[in-house]
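User: I am new to this structure and would like to go through it step by step. Could you take me through the charged pairs, and then the sheet and the helices?

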Amino acid sequence: MKTYLDCIPCFFRQTIEACRMIGLSDGAVKRILDEVARHIPEIELEDSPPVMGSIIHRIIREETNNPDPYKHIKKKSNDLVLSLYPLLKKKVENSQDRILEAVEIAIAGNIIDYGALFRLDLHAEIDAIINMEDAGIKNEDPRFFAYRDFIASLERAKTILYCADNAGEIVCDRILIEEIHAAFPATRIVCAVRGGPIINDCLVSDAVEAGIDKTARVIANGVDAPGTLLGACSKEFLDAWRVSDMIISKGQGNFESLAGNEGNIFFMFIVKCGVLAADIGCRIRDVILYHG
């Protein structure tokens, strides 16, 4: 997905809110905004929004001398969703279609996004995860919820690359990965996370804390961007990308950076941005399982 002009004000909004979360003074925020503004002309409209996102948060880390400003939020998110893990697993066990239930939980977990929805009431959002089916997730537009294709691909796949998104959400991903592994035990699953701290996105340590390593090999994609920028990713990630029969891409940032690439890619996320909703023809808060 390209960068639209309407993305530019959002870059500044994210900058201000990230700085306020850290507790910076107005003067410090102004200095960071000035530096972000200096980089805006370097961004081409053909670039995906995560390119600028990477620049913004690199500036914040450098200016504050804080290598991971969202570390405490990631820990809080993981701990909270891990506390709900038994309940979410019980929902899967009691469902008529375990993989569909796990898909719904994994997508619902994508609401834990401090980049797109900064002022989250995390407890309220976790409650929404538990009750997501009641919000009509099963009645989504079939153009954007390709579950039949998803199952058909799982049945054929020998290797799956699961591109994860946020901490907290990664616990919901664990549930889906476990169900895929149980249904298709011969399938090899690799879970890729970010290569460096960026917003509340998941790192290797966050994925291990969530228990992903019990059923999948965890790797870093080599990039500190809120998405997957293939041109900058590590060899380990690109090798996994090339050999995978199926790619599961979680989150809006991964969609923004990977949409249009070749491959058997399934994008799973909740739409949180009006620009992206207009780009793909859906609505904000729509639940997406899109076969790219």
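User: How many salt bridges does the structure hold?

Analyst: The structure holds 23 salt bridges, a salt bridge being a side-chain nitrogen of Lys or Arg within 4 Å of a carboxyl oxygen of Asp or Glu. This is a predicted model, in which local features need pLDDT of at least 70 and side-chain atom pairs count only at pLDDT 80 or more, while totals for chains, interfaces and linings use all residues. Residues are numbered from 1 along each chain as its sequence is written, and side-chain values use heavy atoms, with hydrogens and water left out.

User: Which residue does E178 form a salt bridge with?

Analyst: E178 pairs with K89, and their closest N and O atoms are 2.9 Å apart. Because E178 lies in helix α8 (residues 169-183) and K89 in helix α4 (residues 71-93), the pair ties together parts that are 89 residues apart in sequence. Helices (H or I, at least four residues) and strands (E, at least two) are DSSP runs, numbered from the N terminus.

User: Are E178 and K89 buried or exposed?

Analyst: E178 is buried, at a relative accessible area of 13%, and K89 counts as buried at 15%. Buried means under 20% relative accessible area, exposed over 50% and partly exposed in between, with a 1.4 Å probe and protein chains only.

User: What about E179?

Analyst: E179 also forms a salt bridge with K89, with the closest N and O atoms 3.8 Å apart. This pair links distant parts of the chain, helix α8 and helix α4, 90 residues apart. E179 counts as buried at 5% relative accessibility.

User: Which side chain meets K250 in a salt bridge?

Analyst: That partner is E169, at 2.7 Å from N to O. K250 lies in strand β4 (residues 246-250) and E169 in helix α8, so the pair ties together parts 81 residues apart in sequence. K250 is buried, with a relative accessible area of 0%, and E169 is buried with 0% as well. Elsewhere, salt bridges that share partners join K89, R98, R174, E178 and E179 into one network.

User: Turning to the sheet, in what order do the strands come?

Analyst: The 6 strands form an open sheet in the order β3-β2-β1-β4-β5-β6, with mixed pairing; two strands pair if DSSP finds at least two bridges between them. The edge strands, β3 (217-220) and β6 (287-291), each pair on one side only. From one strand to the next, the twist averages 20°.

User: How do β5 and β6 run?

Analyst: Strand β5 (residues 265-270) and β6 run antiparallel and are joined by 5 bridges. F269 has I288 in β6 as its bridge partner.

User: Which strands does α8 lie across?

Analyst: Helix α8 lies across β1 (159-163), β2 (188-193), β4 and β5, and runs at about 170° to β2. Axes are lines fitted to C-alpha atoms, for helices over the stretch in contact (heavy atoms within 4.5 Å), and angles run from 0 to 180 degrees between N-to-C directions.

User: And how do α2 and α3 cross?

Analyst: The axes of helix α2 (residues 26-39) and helix α3 (residues 49-64) come within 10 Å and cross at roughly 145°. Residues of α2 including I32 and V36 meet residues of α3, among them I55 and I59.
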